[in-house]
Amino acid sequence: MVFQALQLKRFLMGSAGRKKREVTNAKKPSWMMPAVSHGYYTTEAFKSPAGYEDSDSDFVVVQREQIEELELWFFGVFNARIGDGVAKYMQSHLFDKNPKESHVRAKSKETMRKAYLGARAKTRESTEDTHGVGSVSAIVIDGEKLVLANMGDYRAVVCRDGLAHHIGSRNNQSGKRHWSQRFFKGNAASTRQSKTSDLVVGAERVEPDTEFVILASSGIWEVMKNQEAVNLIKHIENPQAASECLAKEASNRMSRGSISCLVIRFD
């Protein structure tokens, strides 16, 4: 599918209640490699790509690439003001380059970091008010490695053996989790803007106890804690049903923020 409004190849745009699910195995036998499935839900979906530039709503991006024998997934929940820049950068600097497997494994995290920094800088050039600007994304490499990034009040939470782990928190720094992180803070004019400018990028292995990942916007996290969100959906095997459950619960709790989420499950 071509998302012409963004001029990005093979991107799939989320819409309320619509599901795009794909389970594939590439390099390894299926019994060795986790199957990746996903579902997403947003309360204010785009009805037409033509409305993208003028909208401040969230949008969801899902892309799958086969690079040599490597299966690569790119997922994102983006605020419109910054998501365009992140998605375009990832397309032009990674997917369109026809990279080798070794490059993807070694450079995905750095490419994600640069995508966010560039998009954030461009957003600041166009407006001084960056409150509400945020995004969260994930790259899944061969079902074995996770590269995660979040900025502002958007957040990525990994569920391992029923427990929630927020990227950037101290409990993710164990060497056993192969976690690394970097913080990039801007010189914002206020505390609110400074918080919005925070960017965390990290990578970790998908271990046997890794069950699913939640990528969600501010409207989810302003009304529920990380473990609450995990507890709410950990018994829901269908990631589409899980994402809808999270979004509807946030709405029931009268969340005033943007409500969008994407659930990635490893089976």
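A salt bridge is a contact in which a side-chain nitrogen of Lys or Arg lies within 4 Å of a carboxyl oxygen of Asp or Glu. Side chains of opposite charge can pair when their charged atoms come close.

The structure is a predicted model, in which local features need pLDDT of at least 70 and side-chain atom pairs count only at pLDDT 80 or more, while totals for chains, interfaces and linings use all residues. Residues are numbered from 1 along each chain as its sequence is written, and side-chain values use heavy atoms, with hydrogens and water left out.

I begin with the overall picture. Of the 267 residues in the protein, 53% are buried. Here, buried means under 20% relative accessible area, exposed means over 50%, and partly exposed lies in between, with a 1.4 Å probe and protein chains only. Contacts are heavy atoms within 4.5 Å. Among the contacts with a separation of 6 or more, 69% are between residues 24 or more positions apart.

Next, the charged pairs. How many salt bridges does a search of the whole structure find? The search finds nine, and I shall present three of them.

One is formed by K100 and E68, whose closest N and O atoms are 3.8 Å apart. This pair links distant parts of the chain: K100 is in the loop between α1 (80-93) and α2 (101-126), and E68 is in the loop between β3 (58-67) and β4 (70-79), 32 residues apart. K100 counts as exposed because its relative accessibility is 54%, whereas E68, at 47%, is partly exposed.

Another joins E144 and R105, at 3.9 Å from N to O. This pair also links distant parts of the chain, with E144 in the loop between β5 (135-141) and β6 (145-151) and R105 in helix α2, 39 residues apart. Is E144 buried or exposed? Its relative accessibility is 11%, so E144 counts as buried. R105 has a relative accessible area of 30% and is therefore partly exposed. Together with D142, these residues belong to a network of salt bridges: R105, D142 and E144 are linked.

E244 and K248 form a salt bridge with their closest N and O atoms 4.0 Å apart. Both residues are in helix α6 (residues 239-252), four residues apart, which is about one turn of the helix. K248 is partly exposed, at 44% relative accessibility.

I now come to the aromatic rings. Rings of Phe, Tyr and Trp (its six-membered ring) pair if their centres lie within 6.5 Å; planes under 30 degrees apart count as stacked, over 60 as edge-to-face, and the rest as tilted. The whole structure contains four aromatic pairs. In one of them, F59 and F78 are tilted, 5.6 Å centre to centre with 45° between the planes. F59 lies in strand β3 and F78 in strand β4, 19 residues apart. F59 is buried, at 0% relative accessible area, and F78 is buried, also at 0%.

Thank you for your attention.

Conventions
Helices (H or I, at least four residues) and strands (E, at least two) are DSSP runs, numbered from the N terminus.
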